[in-house]
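Hi there,

Please have a look at it first, and then read on.

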Amino acid sequence: MPEDSIEHIDFDALNSKAISQPLVTNIYTADPSAHVFNGKIYIYPSHDVDAGDAFDDLGSHFAMEDYHIISMDSPSGEAVDNGVALHVNDVVWAEKQMWAPDANEKDGTYYLFFPAKDYNGIFRIGVATSKSPVGPFTPQPEAIKDSFSIDPAVFKDDDGSYYMFFGGIWGGQLQRWRNGSFNAELPDSPFAFLPEENEPALSAKVAKLTDDLLEFAETPKDVLIVDENGNELLQGDTDRRFFEASWLHKYNGKYYFSYSTGDTHFLCYGIGDNPYGPFTYAGKILEPVVGWTSHHSICEFEGKWYLFYHDSSLSKGVTHLRSVKVTELTHDEDGKIVTIQPYK
Ligand code: FUB
């Protein structure tokens, strides 16, 4: 549900129609990346705060400073806020805007992957480690070499390889990297440097990680999303093209790349045969929620699949004060994801 319509919403009525309620209400949380470690669910969200920055199309109002990890014994169990896991003040290279993170585990060490703006105003992606899935995490002194943009999502394949998906347009700056280095030219507008509407859309990126999960093992590649004829989706195809919020899950041997369409507020997905794609567009996962952004993860727990997502219903529509939720997700007999309506 786009923000321009929120003034007409009766939030009490809407919340009674919501298919799920906020997992925690003591803080605002968003961009949930959920994983099962040792039989328990851990959610790695953004921690939304109101820092007083005005709303703009570059997302300056998303002024988050730290991360809190949420843990749950099951999708219907109590959600526990485990306190501050990492603060921007402890990250030497990062100045501000701790946006959507993800995490993964290898050999008993937990890795928190997070974007933040450096002191030049450029989004980079950092890594922090801990022996506990809820932190506290110790950040590396520098961001991942040659990292850029936002929304890291790290997928572990069955062969033990780890891949980072990332990127986001507008405030996520992906459009400034079209020529391989950061284009610092003015104007500082979300609409500058984008492809024309009839050109292929900008793609998310994917890179295999090194064995220690601290660096890219290769130059990031484009994650192509194609239509049923194999043609890349176009920039003007705003109901289907990639905007931000990459996620990858594997179901029945196929790879599902899911993402947000940003300014049209859908969560969509494509299906491919390997982590690099291409991914053939397959449909919508979630219809628009209250609030401008939609961002999610998809996770299996005890044989069922769940969509972790957020909306701004608790804050009565404030774009940058969101709440993480969970609902069951189903794949039909053809492997297609059944589209979820967030309000009945
Ligand atoms: O939470 C800040 C940004 O909003 C995320 O990085 C985007 O995916 C959007 O949800």
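Let me begin with a group of residues: Ala201, Leu202, Ser203, Val223, Leu224, Ile225, Glu232, Leu233, Arg241 and Phe242 line the second largest cavity. Here a cavity is a set of points on a 1 Å grid over the protein atoms alone where a 1.4 Å probe fits but cannot get out, and lining residues have an atom within 4 Å of a point. This cavity holds about 70 Å³ of space, where a volume is the space filled by probe spheres set on the points, with grid points joined across faces, edges and corners. Its lining divides into seven nonpolar, one polar and two charged residues (Ala, Val, Leu, Ile, Met, Phe, Trp, Tyr, Cys and Pro count as nonpolar, Asp, Glu, Lys and Arg as charged, and the others, Gly among them, as polar).

Some background: this is a predicted model, in which local features need pLDDT of at least 70 and side-chain atom pairs count only at pLDDT 80 or more, while totals for chains, interfaces and linings use all residues. Residues are numbered from 1 along each chain as its sequence is written, and side-chain values use heavy atoms, with hydrogens and water left out.

The count comes to two cavities of 30 Å³ or more. The largest cavity has about 270 Å³ of space, and the ligand takes up that space (more than half of its atoms lie within 2 Å of the grid points). Among the 24 lining residues, Gly59, Phe62, Trp99, Glu244 and Thr293 lie nearest the centre of this cavity.

The largest has a volume of about 500 Å³; of its 20 lining residues, His35, Phe155, Lys156, Ile298 and Glu300 are the closest to its centre. The second largest pocket has a volume of about 400 Å³.

Terms used
On a 1 Å grid over the protein atoms alone, a cavity is a set of points where a 1.4 Å probe fits but cannot get out, and a pocket is an open set with protein on both sides within 12 Å along at least five of seven lines; lining residues have an atom within 4 Å of a point.
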